[in-house]
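Here is a short report on side-chain contacts. Look at the sequence and the model first, then read on.

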Amino acid sequence: MALRGLWLVRLQPGAAAALLFSRRYPTVEKRAKTFNGASYVTLPEDSVFLKALLFELRLMDEDKSFVDHRDSCSRINKTSVYALPVGGGDLWPVLAFQKSGLLYVCLPLVEQSLKPRPPLINISGISQAFAVLSGLLVFINSSQKNEAEINAKVGQLPNLLMQACPLGTPLDTNLNGLLDSTQIASTNHTQKQPVWRVSTYKGKPQVNVCITEKVKSMQYDKRDIADMWQVYGTVTCKCDLEGAASNVTISVNLPANGSPLQDILVHPCVTSLDSAILTASSVDGMDDSAFSGPYKFPFTPPSDVFDLCYYTSQVPVPPILGFYQMKEEESQLKLTINLKLHESVKNAFEYCEARIPFFNRGPITHLEYKVSYGQLDLSREKSLLVWVIGQKFPKSLEISLSGTVTFGSINKEHSVDPICTGNTAYIKLYFRIPDYTVTGCYTDQHSVQVFSSGKPKINTSRELISSDYYIWNSKAPAPVVYRTLFF
């Protein structure tokens, strides 16, 4: 689990791309030559590497013509992982993505032969490389992004990467946390500690663990279009422990009827993992042999808040099912909405509301409605209805809203949307359920083991939050989302 190289490139419209930062690790390069054997491809000079990268990403102004091996429909890249043709062959796997005019790139070590190319899910360095690039992106974009501040942050990278990625091995991806710790760290260190943990905690020991699950949904209420939903979660930790090299093990557990976790990515500080955790993938069909935990993560914690792992899960039903019907009658819109909370879901919300926007129309001038539960509010712009459901569904777990809406003349101040034309429309749900996860996964005091002096206080929590939770008008065309793009 190491990196052969890391690059940061500035992309300027109408100008040549500029290399802002480059870091290579010769010791990792020697390991790559040993592991890859005859399939090893030498890492070229930065100028050659950058030219091949820009060509592969179609970012070279002088060459926008069609290239069969790069642009044909038989080669559609969905992973941000690329093969770059260089002098000695194809350099692979190169990870690259763009954000705010910058290109973040790295090349992880593959500890096996590259011919034939192994599946990405079998390469442990891929997830760590993505974590490093994500941490770099957060660091660069954590303040005002003018040129002077970006240059200042780039100037800090060499020292920070010595701590975060010594000798090419990722140990911590929170560069902002390392910067803060470096600025306040004492110069008098009496205890040997990991190179990435530059300060020690003094105070009452405690460990905080929070599981946050977000659920996406696209519901259509149509026979020819399948409804889609996806759950993805994050386990976030903060370990305030005395001693520089404390070891912690956190177990994420599932009840007997819980939904197995998949696509698990872990923080670089995790020291070992059961192979069944890494190979659980949503690409494969669900089966009875799917690993259902417990999911154990042993690690030496960074000094700041960090995301221990990310995961997805395929739950059998979305937490709230609904349908939305809207049709035009004369000069009015007639709408009907029905929502049902699934019986297995905890009926205790911090908040729950449905927002009903109206695009490409004038202001609402007249509204008549009947609501079975909650209250309906009209926004100040008079282009949005907000159905405030509150903290509970009724005992029936079903609620409904019906009514008619009349609009005035449209003007420039009102919402415009290129998709929601005609009667194509949606409602969007916003909700949070504390102390609940739709997969059923949890941690408790017995799930956390701390190997350090003193007995720490263990705090655990969990929550379910809606994210991009749409219900489309079944009486009109709607954009269709397929699972392969629904992440």
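## Salt bridges

A salt bridge is a side-chain nitrogen of Lys or Arg within 4 Å of a carboxyl oxygen of Asp or Glu. The model is a predicted one: local features need pLDDT of at least 70, side-chain atom pairs count only at pLDDT 80 or more, and totals for chains, interfaces and linings use all residues. Residues are numbered from 1 along each chain as its sequence is written, and side-chain values use heavy atoms, with hydrogens and water left out.

The structure holds eleven salt bridges. One of them joins Arg4 and Glu29, at 2.6 Å from N to O. This pair links distant parts of the chain: Arg4 is in strand E1 (residues 3-10), Glu29 is in helix H1 (residues 26-36), and they are 25 residues apart. Helices (H or I, at least four residues) and strands (E, at least two) are DSSP runs, numbered from the N terminus.

## Buried and partly exposed partners

Buried means under 20% relative accessible area, exposed means over 50%, and partly exposed lies in between (1.4 Å probe, protein chains only). Arg4 is buried, at 2%. Glu29 is buried too, at 15%.

Arg117 forms a salt bridge with Asp90, with the closest N and O atoms 3.6 Å apart. Arg117 sits in the loop between strand E5 (102-108) and helix H4 (124-140), while Asp90 is in strand E4 (residues 89-99). Arg117 is partly exposed, at 44%. Asp90 is partly exposed, at 38%.

Glu463 and Arg432 meet in a salt bridge of 2.6 Å, N to O. Glu463 lies in strand E21 (residues 457-472) and Arg432 in strand E19, so the pair ties together parts 31 residues apart in sequence. Both Glu463 and Arg432 are buried. Elsewhere, a network of salt bridges links Lys346, Asp435 and Arg462.

## Aromatic pairs

Rings of Phe, Tyr and Trp (its six-membered ring) pair if their centres lie within 6.5 Å; planes under 30 degrees apart count as stacked, over 60 as edge-to-face and the rest as tilted. A search of the whole structure finds eleven aromatic pairs. Phe97 and Tyr104 form a stacked one, 5.8 Å centre to centre with 25° between the planes. Phe97 is buried, at 19% relative accessible area. Tyr104 is buried, at 0%.

The ring centres of Phe349 and Phe431 are 6.0 Å apart and their planes stand at 90°, so this pair is edge-to-face. Both residues, Phe349 and Phe431, are buried. Ring pairs link Phe349, Phe393, Phe431 and Tyr469 into a cluster.
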